[in-house]
Amino acid sequence: SQRSSVSELFAKKAPEKILDPTRKLPVSFIVCDHESFPSYEPWEEASWWPHRIKLKDESKRPGIKAGIVRTETRGPKSAMYTTYVVHVKTAFHVRGVARRFSDFSTLDRQLRALFPNAPELVRSNRIIGTLSPAFVQERRQMLQEYLDKLVADHQLTKSEVLRTFLAINNVQELDDDPKPTGLETGFDEMKQWKANDASLAELMEELGKCRSAQDAPVEARLLNKIGLYMCDKGDQTQAIVHLQKAVSCCRVVNDRAGLLRCISNLACAHFKFGGRSMAVELLEEAIEIAQRLGDPTAEAALLRKAGLAQAADGDMPQGLRTLQEATELYIAANNTIGESTTRFTAGVIQYELGETTEGVESLEMSLVLRRQLKDKLGIAEVLNRLGLALVDIGFILSPTFSVQALSPSLTLPRAMLELQPKRQQLQQG
């Protein structure tokens, strides 16, 4: 009932949309490397998934913040000492811990024994006046700088020594790029594969050797890579030819897993170059193979691609129905990541079709699932899309409507709260 109240808000307040029945869903393509068997993955342009592979590990900041918020003087008058209260925060966890300087000193010694290049704690030889406000403030600043260096190091943040010191050793490790299992999920490894001219020459040389040795399975993989390279270069004819040969090789050796991947890539190649009807036909063939294999995850991934192809060809309603089938299969396979991704895409299409209430419900369900997965980038992706939807209706909300009156359990982003004080000014303007 709480969720329906938000849905009713969108249904009643969303502006009338002038819908174009021939509108096409913008789709982009990226080649992902799956165990030396690259595959084409289509994504709606609203999705952030293609950008994940561009995030290098060294450019990611560890999800831990540690700040000394205050100092406290404790102990009897004859043996007083200073404690530093550290506020520790991860994406889904907050707590405070009190540590003495001797605790920091022990941490430094243990870390440097394990990691010789770890930042070194600066020590003072001062014995008298260690409780003076000036000295405590100076030491607090120094300790904060030391903590900042520690939590900025990915390797150190995973060490049991530091996590115990920060009292987060029992906190579940966050995964910025969750990876489901299965033959083909469409987004399992998310490592970009990109050939260059030099590697193409090597691939062609290896292909010649495989043909001499009559090694059809390896030949299929090489033909698949060459076809994807040609796709990337925009050579439609050579791309289709090599991918068709890869499909034939897989048929010869009855490699059904490889056949699924190659047919999917051939379909995406047709999809990229405008042959979307042919793409859907090929994907339907691959779906039948997945059904015979009894692999609902692979079937769902192929249905997702088929739905995107249909939506990109101007048939958004049929694309939406296909995506909903994929969602049901992901649910049956207990694949939460697949379910959250297809729900997000379905929500985008529903909103574009004017099904505002259903679209927001799909986006909110995707948000719930990504919170369960602790997928930080995925959460931000859905919140961004919900924020855009809220901006879309922000101009005609009733001035008497109170966002704060809604249940706090609702998953509305902060964007709505920010819109509230500005809405009346926008209406008057």
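This is a walk through a predicted model, from the whole chain down to single residues. Local features here need pLDDT of at least 70 and side-chain atom pairs count only at pLDDT 80 or more, while totals for chains, interfaces and linings use all residues. Residues are numbered from 1 along each chain as its sequence is written, and side-chain values use heavy atoms, with hydrogens and water left out.

Let's start with the big picture. The chain has 17 helices and five strands; here helices (H or I, at least four residues) and strands (E, at least two) are DSSP runs, numbered from the N terminus. Of its 429 residues, 48% are buried. Buried means under 20% relative accessible area, exposed means over 50%, and partly exposed is in between, using a 1.4 Å probe and protein chains only. Now take the contacts (heavy atoms within 4.5 Å) with a separation of 6 or more: 62% of them join residues 24 or more positions apart.

Next, the inside. A nonpolar core is a set of buried Ala, Val, Leu, Ile, Met, Phe, Trp, Tyr and Cys residues joined through side-chain atoms within 4.5 Å. The largest one has 59 residues, and L25, L260, I263, F271, L302 and I349 touch the most other members. Helix α12 (residues 296-312) gives this core its largest share, ten residues. Apart from this core lies another, of 28 residues, including A66, L143, V161 and A167. Back to I349: leaving out residues up to four places away in sequence, I349 touches L25, A311, M316, L320 and L323.

How do two helices sit together? Two packed helices are described by the angle between their axes and the distance between the axes. For helix α10 (residues 256-272) and α12, the axes come within 11 Å and cross at roughly 10 degrees. Those axes are lines fitted to C-alpha atoms, for helices over the stretch in contact, with angles from 0 to 180 degrees between N-to-C directions. Angles under 35 degrees count as roughly parallel, over 145 as roughly antiparallel, 65 to 115 as roughly perpendicular and the rest as oblique, so α10 and α12 are roughly parallel to each other. On the α10 side, L260, S264, C268 and F271 meet A298, L302, K305, L308, A309 and A312 of α12.

Now for some single residues. A286 is found in helix α11 (residues 276-293) and is buried, with a relative accessible area of 0%. Beyond its neighbours within four places in sequence, A286 is in contact with L260, I263 and L302. L107, in helix α3 (residues 101-114), is buried too, at 2%. L107 and L162 are 55 residues apart along the chain, yet their C-alpha atoms are separated by 7.1 Å. N334, by contrast, lies in the loop between α13 (316-332) and α14 (336-352) and counts as exposed, at 65% relative accessibility.

Finally, the cysteines. A disulfide is a covalent bond between the sulfur atoms of two cysteines. Here the test is a pair of cysteine sulfur atoms within 2.5 Å, and the count comes to zero. C250 is in no disulfide either, with the nearest cysteine sulfur, that of C262, 3.8 Å away. C231 counts as buried, at 1% relative accessibility, and C250 is buried at 1% as well.
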